[in-house]
Amino acid sequence: MAQHPNLIGGEWRTGESFPNINPSNLNDVIGEYARATIADCRDAITAARGAAKDWGLTPPQVRADLLYKVSAAIEAESARLADLLAREEGKTLREASGEVVRAMNIFRFYAGEALRGPGERYDSSRPGIEIQVTREPVGVVGLITPWNFPIGIPAWKIAPALAWGNTVVFKPADLVPGCAWELARIIHEAGIPPGVFNLVMGRGTDVGAEIIHNPGVDAVSFTGSVETGAKVLQGAALRGAKVQMEMGGKNPLVVLADADIDRAVQVALDGAYFGTGQRCTASSRLIIEDAIHDKFVTCLIEALSAQIVDDARKPGTTIGPVVDERQFEQDLRYIEIGRGEAHLAWGGQPLKRATRGFFLQPALFTEARNDMVIAKEEIFGPIAAVIRVKDYDEALAVANDTRFGLSAGICTTSLKYAQHFRRHANAGMVMVNCPTAGVDYHTAFGGRKASSYGSREQGPYAVEFYTTVKTAYQAM
């Protein structure tokens, strides 16, 4: 089986490899992927440093043209990339296709941003002096991405980094090297100069740690768990590197008595269970007003009963497998904890299908409280807990009673409550009558509290992280 090498300084470098396994079919080895060493990572950082000055001074049209070529290549290969994504991560083919389109649009968006050249001019308070405020590249940026969005999250980090003149050292998650490698190939074939973009697939304990601690990396953008995020912050910030992190969520979806019940059920189903619940924005706490609690639960169970859990690429599948054995076992542990805390109203059973895979029946708990483990900790699986509340005020209090603050949603037909919730929900993103999971590529993404650290990702807001401000004074 052909090995997929790392990209370092414009050259493809082989080495020790590891297999990429399909979670829908454990007998299906997608490919062998090179595992970078610490020495490989150091070479990538050195190459990025060597290329940083010239790339940072490259005319913006050059950067824009390259990003547009990447976008066009993703579009041309979209069907194959979506199939690969579904095969290696376990998203349904429909969801995988949507993620690939998102990656395409992200590169196209930042092709435009590269040309905008944000800057300002001011008149000084002193006569005869002009002030210019401009933005320059940060330098070498280390990007560490998770497994749940194998091409979407890499795209929304890589594209702005390159657009604003930074060089990149990119480490994808071990579980999903396939889409990362294909994206690296596309960027390489688009004509990126040697050293400007580097791919180092490998263990977080080796490659990730080197990116975090190496003084040659000026900024680190990380998406992953809270626990790993703490290590990233300690290692990178203490040496003065710029840090941006997106971590966990325990996102609430409030459903009020005046809500359109059919819409609310679909919003909950989408937010809590699609993507196999493996989204940091998933609706894992369903906070339901007492007057409609029983009806909502009944309708949601009916909707869950209609879902088809199977091979991610199989026509008709609505929920794919859990990503790997470790995550599968973690989900089962939380389900067992939930049995001792609340009432398992539906699901939660391992499933057998035609192929060996990590198939799990989605689980719904009722009679939950905010102080229970299943309502406090991020599970990252197809598991949701229903919390009954008496009214809107209690719902808002319960929604905000969490260490996380990524996304929050409400289903209501009341303009009063919708507007109040938008203002008072302690989250970086608020959704009214739509799922907590699912955001556009051209707007800010990020949260509060333990969910995020540093400036926002995506859209024009990404300029805050990928550039540094320079204020220049000139006497006329």
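The tour below moves from a helix to the cores, then on to the sheets and a few single residues.

Before you click: this is a predicted model, so local features need pLDDT of at least 70 and side-chain atom pairs count only at pLDDT 80 or more, while totals for chains, interfaces and linings use all residues. Residues are numbered from 1 along each chain as its sequence is written, and side-chain values use heavy atoms, with hydrogens and water left out.

**Stop 1: helix α2**

Select residues 60-76, which make up helix α2. (Helices are DSSP runs of H or I with at least four residues, strands are runs of E with at least two, and both are numbered from the N terminus.) How far apart are the end C-alpha atoms of α2? They are 24 Å apart, which agrees with the 24 Å that 17 residues should span at 1.5 Å a residue. (The expected span is 1.5 Å times one less than the number of residues.)

Now colour Arg63, Ala64, Leu66, Leu67, Val70, Ser71 and Ile74: these residues of α2 are buried. They sit on the same side of α2, because they cover an arc of only 165 degrees around the axis. (The arc is that of the directions from the helix axis to the C-beta atoms. Buried means under 20% relative accessible area, exposed means over 50%, and partly exposed is in between, with a 1.4 Å probe and protein chains only.)

Show α1 (38-56), α3 (78-89), α4 (93-116), α5 (152-163) and α6 (177-189) as well; the buried residues of α2 pack against them. (Contact means heavy atoms within 4.5 Å.)

**Stop 2: the nonpolar cores**

Next, pick out Val70, Ile74, Phe107, Tyr110, Ile158, Phe197 and Leu199, which have the most contacts inside the largest nonpolar core, a set of 71 residues. (Such a core is a set of buried Ala, Val, Leu, Ile, Met, Phe, Trp, Tyr and Cys residues joined through side-chain atoms within 4.5 Å.) Helix α4 gives the most to this core, with 10 residues.

Zoom in on Tyr110. Leaving aside neighbours within four places in sequence, its contacts include Leu67, Trp164 and Ala462. Then jump to Val254, Ala395, Ile410 and Phe421, which are among the 32 residues of a second, separate core.

**Stop 3: the sheet of 7 strands**

Time for strands. Follow the order β15-β18-β19-β14-β13-β21-β22 across an open sheet with mixed pairing. (Two strands pair if DSSP finds at least two bridges between them.) Which strands are at the edges? They are β15 (343-346) and β22 (429-432), and each pairs on one side only. From one strand to the next, the twist averages 25 degrees.

(Axes are lines fitted to C-alpha atoms, for helices over the stretch in contact, and angles run from 0 to 180 degrees between N-to-C directions.)

Inside the sheet, β18 (residues 363-366) and β19 (residues 383-389) are parallel partners over 3 bridges. Look for Phe365, which stands opposite Ala385 in β19. Buried or exposed? Thr366 is buried, at a relative accessible area of 6%.

**Stop 4: a hairpin and its next partner**

Select β6 (residues 119-123) and β7 (residues 129-137): they run antiparallel, joined by 5 bridges. Tyr122 faces Ile131 in β7. In this hairpin, 5 residues lie between the strands, and Gly128 takes a positive phi near 80 degrees.

Now bring in β25 (residues 467-475), which pairs with β7 in the antiparallel sense over 9 bridges. Here Arg135 has Val469 as its bridge partner.

**Stop 5: two single residues**

Click Leu360, in strand β17 (residues 359-360). Leu360 is buried, with a relative accessible area of 1%. Beyond four places in sequence, Leu360 touches residues including Val309, Phe328 and Pro382.

Finish at Arg49 in helix α1. Arg49 counts as partly exposed because its relative accessibility is 39%. Not counting residues up to four places away in sequence, Arg49 touches Val140, Gly216, Val217 and Asp218.

How values were computed: Two strands pair if DSSP finds at least two bridges between them.
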